[in-house]
Amino acid sequence: MYAVFENGGKQYRVAVGDKLRLEKMEAEAGSELVLDRVLMLGEGEEVQVGQPLVAGATVKATVLSQGRADKIHIFKMRRRKHFRKRQGHRQYFTEVRITSIDA
């Protein structure tokens, strides 16, 4: 069984046991999250699509850790104008493992 859910403006396709990084959420490591914005459920040939959400469907996940991703370097330059701009960014994330998918 798999599910497609929405978190932080992105959509994720997951099955039980998958490990993924979501947008930062306020939760302690080891706690359980309930993700209720489920867009689609599927099992074999059977697919259930929500309009826009599947009623009563939830995805439960366990928080593994909180962290920050690798730094992304942004460099902007306009030639012959003596304009150079350097920036960096590290995105916060919450790493989770999917424990169950409830229809």
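Figure 1. Glutamate 6 is partly exposed, because its relative accessibility is 26%. (Buried means under 20% relative accessible area, exposed over 50%, and partly exposed in between, with a 1.4 Å probe and protein chains only.) This is a predicted model: local features need pLDDT of at least 70, side-chain atom pairs count only at pLDDT 80 or more, and totals for chains, interfaces and linings use all residues. Residues are numbered from 1 along each chain as its sequence is written, and side-chain values use heavy atoms, with hydrogens and water left out. Glutamate 6 forms a salt bridge with arginine 37. Their closest N and O atoms are 2.8 Å apart. (A salt bridge is a side-chain nitrogen of Lys or Arg within 4 Å of a carboxyl oxygen of Asp or Glu.) The two residues sit in distant parts of the chain, 31 residues apart: glutamate 6 in strand 1 (residues 2-7), arginine 37 in the loop between strand 4 (32-35) and strand 5 (38-43). (Strands are DSSP runs of E, at least two residues, numbered from the N terminus.) Arginine 37 is also partly exposed, at 40% relative accessibility.

**Figure 2. Two further salt bridges.** Side chains of opposite charge can pair when their charged atoms come close. By the salt-bridge rule, the count comes to four. One of them joins aspartate 102 and lysine 60, with closest N and O atoms 3.6 Å apart. Aspartate 102 lies in strand 10 (residues 92-102) and lysine 60 in strand 7 (residues 58-68), so the pair ties together parts 42 residues apart in sequence. Aspartate 102 is partly exposed at 29%. Lysine 60 is partly exposed at 26%. Another salt bridge links glutamate 26 and lysine 24, at 3.7 Å between the closest N and O atoms. Glutamate 26 is exposed, with a relative accessible area of 74%. Lysine 24 is partly exposed, with 40%.

**Figure 3. Arginines over tyrosine rings.** Arginine 13 lies over the face of tyrosine 2, 3.9 Å from the ring centre. Arginine 68 lies over the face of tyrosine 92, at 4.7 Å. (A charge sits over a ring if NZ of Lys or CZ of Arg is within 6 Å of the ring centre and within 35 degrees of the ring normal.)

Figure 4. (Axes are lines fitted to C-alpha atoms, and angles run from 0 to 180 degrees between N-to-C directions.) Four bridges join strand 4 to strand 7. Valine 34 has lysine 60 of strand 7 as its bridge partner.

**Figure 5. Backbone details in two loops.** Glutamine 51 and proline 52 are joined by a cis peptide bond, with omega about 0°. Proline 52 is in the loop between strand 6 (46-49) and strand 7. Which loop holds arginine 80? Arginine 80 lies between strand 8 (72-78) and strand 9 (83-89). Its phi is positive, about 60°, although arginine 80 is not a glycine. Arginine 80 is exposed, at 70%. Histidine 82 is found in the loop between strand 8 and strand 9. Histidine 82 has a positive phi of about 60°, and is not a glycine. Histidine 82 is exposed, at 72%.

Note on methods
Pairing = 2+ DSSP bridges.
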